[in-house]
Amino acid sequence: MYAFKKSLLAVAISTISISLCAQETPESPEGTIEEVFTIGKSVSYANNASTDTMLSQQTTLTSALAVIDNLPGVLINEGDTFGADDWSTTVSIRGFSLSLDEQQIGITIDSIANGNSNYGGGAKANRYIDTENLAAVEVSQGTADIASRSNEALGGTLNFTTIDPSDRQQMVVSYTNAEFDSRKYFVRYETGEIAPETYAWISLSSQESSDWVDQSAENTRDHIAAKLITSLGAVDLTAYASYDDTHEDNYQRVSLGQFEINPEWDRLNPDWVGIPYVDQVYRRGWSTLRENTFAYLQADYSEGGLELSGNVYFHVNEGRGDWIPPYIRDVTDDEGASESELVSGNTIRSGNTIGRVYFVDAQGVALAPIDGCVSSITFPYGGSGANADPACHADGAIPVGSYRHTHYEKERFGINGDFSWTANFGDVENTLRGGFWYEDYHREESRDWHKIIDSRSSFRFDHTPYLVQYDRDFPVETTMVYLEDSLAFGIVTARLGAKQFFVDVEAEDNFNGNTISVESDSDTLLSAGVLVDLPVDGLEVFAGYAENFAAVKDVVLERPLADSAVDFEDIEPETAENIDIGLRYSNGDLNASLTYYQIDFENRLIFVSTGDPVLGIDFGEEVSGGYTNVGGVESSGFEASLSYAINDNFSLYSSYTNNASEYVGDNPAFPTGNTVFGSVEEQFVVSLDWTRDKYVGGISAKQVGDRWLNAENTQRMDAYTVVDLYAGVSMELGGDIEQLDIRFTVNNLNDESYLGGVSGESAWIGAPRTAAVNIKVTF
């Protein structure tokens, strides 16, 4: 660990949060701990968490992200019905987002950092947790807990928690079948007590699905996980490990005009037609392949007023992203002879190119189009030039193309430590807490180009690349320390604390050994809050303030590493100041919360192109540009939620969000006062759930208001409403089969056609109505 370069000061006043507005029930027959979080923890900042009914509204095929979509302030959009496409997955909270362009929301797994959420080398929660093993998702929309482990949590944190093992030996076997060739097999074995105070479970699952557009995708996912808890005297130990292997075929974003012409097609094709320019949008060539291995070991100690906690964790991420450029990159001047790039076994390591080859003759010599020929190809991306059109070449011309692989590898090792000491001084309860987070990660990224063996017949490729375009390493070292003190006296709980990040980011070019680095340390970040119990039983008022921070990411150094003319010295980390003020009520059957928030987001960091735009996809990253700070965003709004147990059979849940996020700064591409494109302006959720004896059911509707698709605020996406339905029965059979559960789920029951997730001023089409049935047997 390197020496600290800045001091960290913190004094304070705060306390252990008074109580949880959560109700705990005994372990279910399946061994899951059924925590019904209604409004959230009784703390001095806004927070909510998923409920069991929110899990019921989704199929077991669905990703873990989808279960929080009904919480206030949260918008989850997944291009795939079941979230089987990380490329098209977006999260929006209070004007902040997770998307292809931006990573502004933190994600943790059992409070452990996920190692970024970006597409290129990141991993969202569904890479770590099977939905069947998900206990709950805790959402802190803004200020969040000071101990949160994330250096990209400008707009809050999502903490995904895993279920604990049961104290009873049992086995759960589950099968789900759904539309679009979708199915999932899942089994979890609960060991019961295998040693004194030692319990464990292990689970395996395998699933497959296709896309909803034309059923040409071949998505697969295999997952294995295990968890163990034990007690050694006063020390409680928890161990968790998971392995996830995923292959996903992607969806493509569309413009507003394309959606209006045909809202059921994302402009990817199901069939290979033998024309490289058209086949660049062959769906099975747009792929995400990822393997994630994750494990942690945690120890907790409690004695009197002292609590100690620590863990170590390890994560390996590897995989690749695929595309199909409709040409061969010409990197060697063959002086009119056959193209050496077409000869298997020839691999060149170079980022330079002298041109493109679209067609060759039988000897492999590059061909030029017929003079004066005008291409008749109009799709995709507005059409091709004569170079890419077979009709503009003589008979016998052979089309050639590439299969481009971007390889991602990352290894992370981390350590967390926390302490909490509580002591009473007369009528005042004082709690001092603090801790640290240290992580060392090493990311590798390279890109190679493979010749498609015969572009006329299929996308099968030569496994030896003809070109390695680049090969880079990114070592990153992160340290966070925090300290917070709290006081509880009478009806008041107050806290004050501070934390600081120390982040070193490096980039190394493995072609020439060039290295650049940047120190992305935060200032001392203050956090404060107050919680007051009001005279009305169960009613409290809270206020919280937090300074949040996102370190400069390693991707920012990619262009400066490749082009020394790209300036990065003046880049500053992104920061945000968050204020929450609200009321929270919890009293038996009725729980409610109302929060007003205000956020000042500064130093927004985006990629700015400085060259002429490329028609279609910039496969070779030939457009010059780099990352720069472009002002910021100011957000404010209201969030409300309510849950009410009407009687023993019916319960009602509702949430409402009103948000205004506007650009500030002097960058003309993001005019001051314009609404942040893709951000939620208004959304409303209402759910009704029913249970009686062995039967359950529920219906939920979410309305998302109009949103802007571009920063100029000239393209408006229409509002949409999506309805989800579920119904099920649970039967206790006795004998070897303890319980049989059957559940039927329909997502987007009303078959709404809409634009969902937004990135880069274009959007993915929302998935249509989808039905699924799950059969679960407990032995």
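Modeller: F549 has a relative accessible area of 4% and therefore counts as buried, where buried means under 20% relative accessible area, exposed means over 50%, and partly exposed is what lies in between, with a 1.4 Å probe and protein chains only. Please keep in mind that this is a predicted model, in which local features need pLDDT of at least 70 and side-chain atom pairs count only at pLDDT 80 or more, while totals for chains, interfaces and linings use all residues. Residues are numbered from 1 along each chain as its sequence is written, and side-chain values use heavy atoms, with hydrogens and water left out.

F501 is likewise buried, at a relative accessible area of 1%. W87 and Y119 are one of them, and because their ring centres are 5.0 Å apart and their planes stand at 80°, the pair is edge-to-face. W87 sits in the loop between β4 (74-78) and β5 (89-93) and Y119 in the loop between β8 (112-113) and β9 (134-140), so this pair ties together parts that are 32 residues apart in sequence. W87 counts as buried at 12% relative accessibility, and Y119 is buried with a relative accessible area of 12%. F501 and F549 make a stacked aromatic pair, with 5.2 Å from centre to centre and 25° between the planes. Since F501 belongs to strand β26 (residues 492-509) and F549 to strand β29 (residues 539-550), their pair ties together parts that are 48 residues apart in sequence. Rings of Phe, Tyr and Trp (its six-membered ring) are taken to pair if their centres lie within 6.5 Å, with planes under 30 degrees apart counted as stacked, over 60 as edge-to-face and the rest as tilted. Strands (E, at least two residues) are DSSP runs, numbered from the N terminus. Ring pairs also link W87 and Y119 with W286, W323, Y327, Y358, Y408, W449 and F619 into a cluster.

Turning to the charged side chains, the structure holds 34 salt bridges, each being a side-chain nitrogen of Lys or Arg within 4 Å of a carboxyl oxygen of Asp or Glu. In one of these, the side chains of D580 and R94 meet at 3.0 Å, N to O. D580 lies in strand β30 (residues 574-587) and R94 in the loop between β5 and β6 (96-98), so the pair ties together parts that are 486 residues apart in sequence. Both D580 and R94 are buried. Another salt bridge joins D130 to K184, whose closest N and O atoms are 3.0 Å apart. Because D130 is in the loop between β8 and β9 and K184 in strand β12 (residues 182-195), that pair ties together parts that are 54 residues apart in sequence. D130 is buried, with a relative accessible area of 0%, and K184 counts as buried at 2% relative accessibility.

E681 and R716 form a further salt bridge, at 2.7 Å from N to O. This pair links distant parts of the chain, with E681 in the loop between β35 and β36 (682-692) and R716 in strand β39 (residues 716-717), 35 residues apart. R716, at 28% relative accessibility, counts as partly exposed. Finally, salt bridges that share partners join D130 and K184 with E132, R221 and D244 into one network.

Key
Helix = DSSP H or I, 4+ residues; strand = E, 2+ residues; numbered from the N terminus.
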